[in-house]
Each structure stands twice: as structure tokens, then as C-alpha cells.
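Let us walk through a protein model together, one neighbourhood at a time. Keep the picture open and turn it as you read.

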Amino acid sequence: MVDVDKVLDEAGLTNPHVREYVKEWAAITTPDRIEVVSAADDARLIQESLDAGEIEPAGEGLYYSRSYYKDTARSEERTIVATNKPSDKGAYNNWRPADEMKPIMLERMKGASAGKTMYVVPYLMAPPGSPLEAYAAGVELTDHRTVVLHMIRMARVGIDLIDNLADPDSFVRAVHVTGDLPNLGQGTPEDERYFVTVADERTILHYGSSYGGNALLGKIAHGLRQASYDGWASGKFLAEQFMLLGITDKQTGKKYHICGGFPSASGKTNLAMTLAPDALGDRYYVEFYGDDIAWLWVGEDGKLYGMNPENGVFGVAKDTNELTNPTALDSIQPGTQALFTNVAYNEKTHEVWWEGKTKNPPADLDGWRDWKGSLIAERTPEDQNEPWAHPNSRFTTALSNVPNVASDYDDPKGVPIDGIIFGGRTRDREPLIRAIDDIAEGVYDGLTLGAEATFAAEGVEGQLRYDPMSMRPFMSYAEGAYAAHWLKIIGQATEKPVFAHVNWFQRDAEDGHFLWPGYRENLRPLLWLMQYKNGEVTGRKTPVGVLPTEEELDLSGLDLPQEDLDRILTIDVERWRQEMGFREEHLKQFDGLPEEIWEAHRRVAKALEDEA
Ligand code: GTP
Ligand code: SPV
Ligand code: MN
């Protein structure tokens with residue numbers, strides 16, 4: 001048995017509640033060693049991980065790791081929100097009683113860290129001094145060193161952060177036990193994994209993975225599931241899977257902040273890191289605040305504020321290149337201490353590669369291994385077309401490495417929010433952008449956000465996989481209450497943000513090409529939205545919102561076929577009428593949906609029926 005008191009004394013960790021929690025879980029998981037971690041330990045932990053072969057060098061101050069091959073993404077089926085209130089059950093949160101799940105997790109975790117080190121990782125999901133600090137503190141216990149390296153990049157980590165809390169008992173208890181990855185039956189009926197947030201006890205219990213949102217518990221388990229529950233229970237804030245960016249118009253000196261949700265792998269990181277298109281000259285400057293999570297609240301001055309609780313970026317590697325996202329490449333340059341996970345790796349040159357990094361994979365196959373660790377040169381003919389990198393391979397880097405990170409990104413005050421946008425991958429129907437002035441219609445639009453089903457065989461043609469506010473995998477309480485909470489928070493703001501729905505992914509029906517070039521050009525519709533909010537342009541009213549006219553949208557330097565432009569700046573009324581039926585079925589799943597949302601739905605439906 002480890003002498004926990006001795007370890008905590010030596011580390012100088014004094015918070016009595018944290019000490020008690022560490023002792024309780026050490027007795028359950030029975031690690032051989034316990035170590036308390038601060039960000040300052042990073043260099044030593046990196047060296048230990050290199051020595052142990054858990055990570056490999058990927059250039060000067062860059063590192064590479066592979067996760068177990070059946071452990072490469074979040075598992076939605078195995079993710080559960082457990083509380084003591086059956087009324088918390090929603091359509092999407094996989095609700096189970098806390099009394100049922102806690103014994104299961106105890107059983108799984110019992111003795112499961114034997115032979116390993118338990119790292120105690122105190123963290124804060126906010127800049128210190130934030131008005132939401134009381135909801136931001138957590139202590140992750142993890143038995144996986146690579147998880148610690150990720151936590152140090154993705155969150156603010158240090159003993160001082162939890163030793164000086166206003167309420168020393170107000171921290172999230174976040175327990176991560178990796179388990180025996182080759183023997184967990186991932187994806188089979190005997191699947192042993194469970195990722196449980198006991199939301200009304202502010203306790204997170206994750207067992208059976210060392211990857212991403214399954215294991216870095218500050219990120220989505222705390223930053224989204226727990227925080228959205230806390231935001232609702234306290235009545236104080238929203239926690240959403242949102243990016244957050246700033247746009248400065250150097251000519252007028254005005255600065256705008258826009259946040260918004262796109263479902264996972266639908267372009268948040270790319271949008272937040274976007275740069276002003278060259279064709280617009282150097283008039284605009286885009287600043288990065290966050291790419292995956294935003295917490296929103298109404299400040300004492302009555303304005304809506306937002307902040308990114310994270311301290312780093314866990315970005316999709318695929319298709320990241322000089323054209324699509326040069327900012328991302330800059331943020332993972334030598335010396336940044338960035339980590340790569342599940343990309344392809346050259347064991348001789350220590351280079352990394354992923355699909356879309358360059359047009360073709362490296363020609364000289366010598367030393368290259370794919371994300372599973374197999375030599376590319378030894379691939380059989382059947383395997384030739386397998387990707388080198390896993391499609392969900394990622395890079396992890398601290399916010400401070402992002403070249404266009406906002407100078408005030410860690411200001412605890414947050415930034416005032418001018419616009420809230422929603423966007424999914426939709427191949428038809430959704431125009432480039434439609435602005436929505438009415439709050440209930442904006443919230444309604446968020447609730448009916450979706451991305452097209454990727455496996456057409458199982459889905460209905462034209463029907464979306466709805467993903468309310470891009471929170472479907474992170475929803476922690478019932479959707480009706482969630483909608484009401486949104487209406488309440490936004491309703492309190494004295495200056496209302498403008499809402500908009502965007503779509504970068506509309507395609508030509510015949511050859512499938514994207515009708516809009518996307519990536520950094522996505523700034524153009526956002527500039528229009530801010531002009532619209534300022535009353536500088538009026539747009540064209542449609543049943544589903546206000547669309548820019550061709551003249552209003554700055555298209556300078558772009559050479560788009562007229563028919564593509566016509567398509568993305570109009571709505572397909574027939575498809576929209578069909579969509580309204582799907583939406584009705586979708587919304588009916590939600591008990592207690594506020595009447596304002598149903599009214600918004602009926603208003604839009606009627607306007608579509610009345611349209612010639
Ligand atoms: P998560 O981290 O999973 O929440 O994803 P995300 O929403 O941050 O998505 P990300 O920005 O990483 O983009 C996912 C994929 O979409 C990448 O492969 C991008 O290259 C691609 N993508 C992003 N923006 C655009 C765009 O404007 N047009 C097109 N065609 N593809 C895009
Ligand atoms: C997502 O899947 O939306 C992510 C990555 O941002 S993970 O942290 O694994 O959730
Ligand atoms: Mn995400």
C-alpha cells in the first residue's frame with residue numbers, strides 16, 4: 001500500500017477534500033505508486049515516456065504516440081450520464097440511475113491500477129479568476145502517463161489551482177482507469193468499457209480507454225457534460241461544444257466575437273484558426289479563442305460573455321495542410337511540445353504524415369509505419385488502399401502555440417458575444433448562411449442542427465442525424481429543460497447576439513463538388529453577418545431566415561460559377577417543406593419542450609407553406 005499522506009505531504013497538496021478523495025480512490029484502484037502532477041513536470045514526464053517507449057520523438061520538441069488499435073475515438077454507446085433524478089433522462093444522454101452505475105464502476109476499477117502509477121492531476125477548466133471558477137476545478141486521477149501529457153496541454157494543471165479554491169470542496173472528482181485494453185471486448189456484446197458522468201454528484205468515472213474524450217476528463221466529460229449540468233443546475237451558464245473566434249475590422253477598429261457549434265469533425269477547429277482571405281487585403285484580423293468548448297454566461301453589465309475553458313487544441317489531423325489550415329501547421333512546429341496521435345510515423349526520420357498533409361504520401365517508404373505500427377513497405381496488395389493515418393488521428397498543442405491566438409484569450413472576464421452560429425455537413429437545402437433575428441427561432445435552429453447520415457443505407461434519404469447545438473454526444477440532462485435553459489440565459493442578455501445557420505458543405509448534385517470553397521473563405525459570410533447585425537446590409541428575407549444578396553457578400557478574388565453561387569444563396573422550398581416533417585418527429589422526442597420552440601417551428605412551417 002502506498003502511504004498516500006506521505007506522497008501528498010511531499011507534494012505540498014493541502015486541500016483536505018482532495019486528500020480524502022485521493023485516499024479513497026487509491027484504496028479502490030490500488031496503484032503501486034502515486035504522483036502529484038503540475039505543468040512544470042512536463043519535461044520530466046516526457047523524458048520518462050520516451051524512455052519507456054510510450055511516445056517517440058517526432059522532431060525537435062515534438063512527440064508521437066499510438067493508442068491501442070481498438071481505442072481511437074469516443075464511444076457514444078458506452079458513455080452514460082447517471083444521476084439520482086429520473087427526470088434527468090433525455091433522448092440522447094443514455095441516462096441511468098446513479099445507484100445502478102456506481103457499483104458497476106467500483107467493481108470494474110477495483111484493483112485495476114495494480115502495478116501502475118496513479119497520477120493526481122489537479123486542473124482548472126477556466127482562466128484563474130473567471131466568474132465561473134467554482135465550476136471549473138477538477139482533479140483527474142489517471143493511471144496512464146500519456147493521458148497526463150495530454151492533460152498538461154489541454155487544461156491548466158497545477159497544485160496551486162486546487163489548493164486555493166474559494167470553496168475547497170468544489171471540484172470535480174474525475175477518475176480515469178485505463179484497464180487492460182487488449183481484453184475489454186471493445187465493440188462486442190461483452191464490452192467492458194463504461195464512461196460515466198455522475199452529474200449530480202460531480203463525479204466522473206471512466207474505465208477502458210486511454211484516448212481523447214474518453215480519457216482526458218477535463219475536456220468533454222467535465223468541460224461539456226458536467227459543466228452543462230452545473231450551468232443548468234445553478235441557472236448561471238451554458239457549456240457547449242462551440243468554437244470561439246474574434247474578428248477585428250482594422251478600418252473601423254471594431255472587434256466582433258462569434259461562437260458556434262458544428263458537430264464533431266465538421267469544421268470548428270478549422271474555422272477558429274481561419275485567417276482572413278488574402279483577397280480581402282489586410283483589413284481584417286481573425287483571432288483564435290477556442291475550437292471545441294465555450295462556456296457562456298450573462299455578465300453583471302447584462303452582456304452575454306463567452307470563454308474557452310480549455311488550454312489547448314486537440315485537432316483532427318486529416319486534411320490539415322498549408323492551404324486548408326496553415327495556422328494549425330504553425331502551432332505544431334518544432335519546439336512547440338506538440339503530441340501527435342495515430343498519424344503515420346517514420347521511425348528513421350521521425351517525420352509524421354496523415355492523409356491530406358500533402359497531395360501524395362511520401363514516395364520513399366523506408367521507415368514509414370501506419371497508425372497501427374505496420375511497415376508501409378510490407379503491406380500486402382489488399383492493404384494498399386488502407387489509410388496511413390487513422391481518420392480520427394489528432395494533434396495536441398497548447399493554445400499559446402497558435403499563432404493567431406487572441407491576446408486576451410486567458411482574460412478571466414471572457415469576451416462579449418455578437419453572434420452564435422450553427423452549422424453541419426449538409427449536401428443540399430442549407431444555404432451558405434441564413435441570419436436569424438428571433439431568439440426562439442435561433443434556439444430552435446440549434447435544436448434542429450444536424451449532419452447528414454453518412455451511411456445512407458441505414459438512414460432515410462435527405463434525413464439528418466440531428467445533433468442539437470452539436471451537443472448530442474455530450475447532452476447531460478433532458479432536452480426540454482436544455483431548451484428552456486437556453487431561452488432563459490439568452491433572454492437575460494440586454495444586448496442579444498444574432499443567430500445564424502451556416503453550411504460550407506453544399507455539393508453539386510451531379511459531380512459532387514463543393515459549391516463553396518470553404519476554409520479561410522468562410523470568413524466572408526461571417527463578415528456579412530456582422531454587417532447585417534449592424535444594420536449595414538438588409539439581406540433578403542426567406543421563410544427560414546435572412547440570406548445575403550450576391551451584391552452584399554464580399555466575393556472579391558473568388559471565381560465561383562454563377563450557378564453554384566445561385567444555389568448557395570437561395571433556398572430549396574420543396575426540400576425545406578420535407579425537412580419540417582422530419583423536424584417535427586425529432587422535436588417530439590423531447591419532453592417538456594418550451595412552447596416558444598413549438599411556436600417558432602410552426603411559424604417557419606407556415607412561412608414555408610405560404611411561399612409561392
Ligand atoms: P472535433 O474536434 O471532432 O470536434 O472536430 P471539428 O469540428 O473541430 O472539425 P475540424 O475543424 O477538425 O474539421 C474536420 C474535417 O472537416 C477536417 O478534415 C477538415 O479538413 C474538414 N473541413 C473543415 N472546414 C471545412 C470547409 O470549410 N470545407 C470543407 N470542404 N471541409 C472542411
Ligand atoms: C470530438 O470528438 O468532438 C472531439 C474529440 O473534440 S474528443 O476529445 O475525443 O471528444
Ligand atoms: Mn469536439
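We begin with two helices, α11 and α16, which are roughly perpendicular to each other (a word used for angles of 65 to 115 degrees, whereas under 35 counts as roughly parallel, over 145 as roughly antiparallel and the rest as oblique). Before going on, note that this is a predicted model, in which local features need pLDDT of at least 70 and side-chain atom pairs count only at pLDDT 80 or more, while totals for chains, interfaces and linings use all residues. Residues are numbered from 1 along each chain as its sequence is written, chains are lettered from A and ligands numbered from 1 in the order in which they are written, and side-chain values use heavy atoms, with hydrogens and water left out.

Two packed helices are described by the angle between their axes and the distance between the axes. For α11 (residues 439–447) and α16 (residues 595–610), the angle is about 85° and the axes are 9 Å apart. Here axes are lines fitted to C-alpha atoms, for helices over the stretch in contact, and angles run from 0 to 180 degrees between N-to-C directions. Helices (H or I, at least four residues) and strands (E, at least two) are DSSP runs, numbered from the N terminus. On the α11 side, the contact (heavy atoms within 4.5 Å) is made by A440, E441, V443, Y444 and L447, and on the α16 side by E596, I597, A600, H601, R603 and V604.

Helix α11 also packs against α15 (residues 573–588), at an angle of about 85° and with the axes 11 Å apart. That makes this pair roughly perpendicular too. Here Y444, D445 and L447 of α11 meet M580, R583, H586 and L587 of α15.

Q241 sits in the loop between β12 (237–240) and β13 (243–249), and D292 in the loop between β15 (284–290) and β16 (294–298), so the pair ties together parts that are 51 residues apart in sequence. Both Q241 and D292 are buried, where buried means under 20% relative accessible area, exposed over 50% and partly exposed in between (1.4 Å probe, protein chains only).

Strands β12 and β16 pair in the antiparallel sense over four bridges (two strands pair if DSSP finds at least two bridges between them), and L238 has L296 as its bridge partner. Four bridges also join β16 to the antiparallel strand β17 (residues 304–307), with W297 partnered by Y305. These two strands form a hairpin with five residues between them, and G302 in the turn has a positive phi of about 85°.

Elsewhere, five strands form an open sheet of mixed pairing, in the order β2-β3-β19-β23-β18. At its edges stand β2 (56–57) and β18 (312–316), each with a single partner strand, so one side of each has no neighbour in the sheet. The partner of β18 is β23 (residues 394–398), joined in the antiparallel sense over five bridges.

Finally, visit M469, which has a positive phi of about 55° although it is not a glycine. M469 lies in the loop between β28 (464–466) and α12 (479–492), and at 0% relative accessibility it counts as buried.
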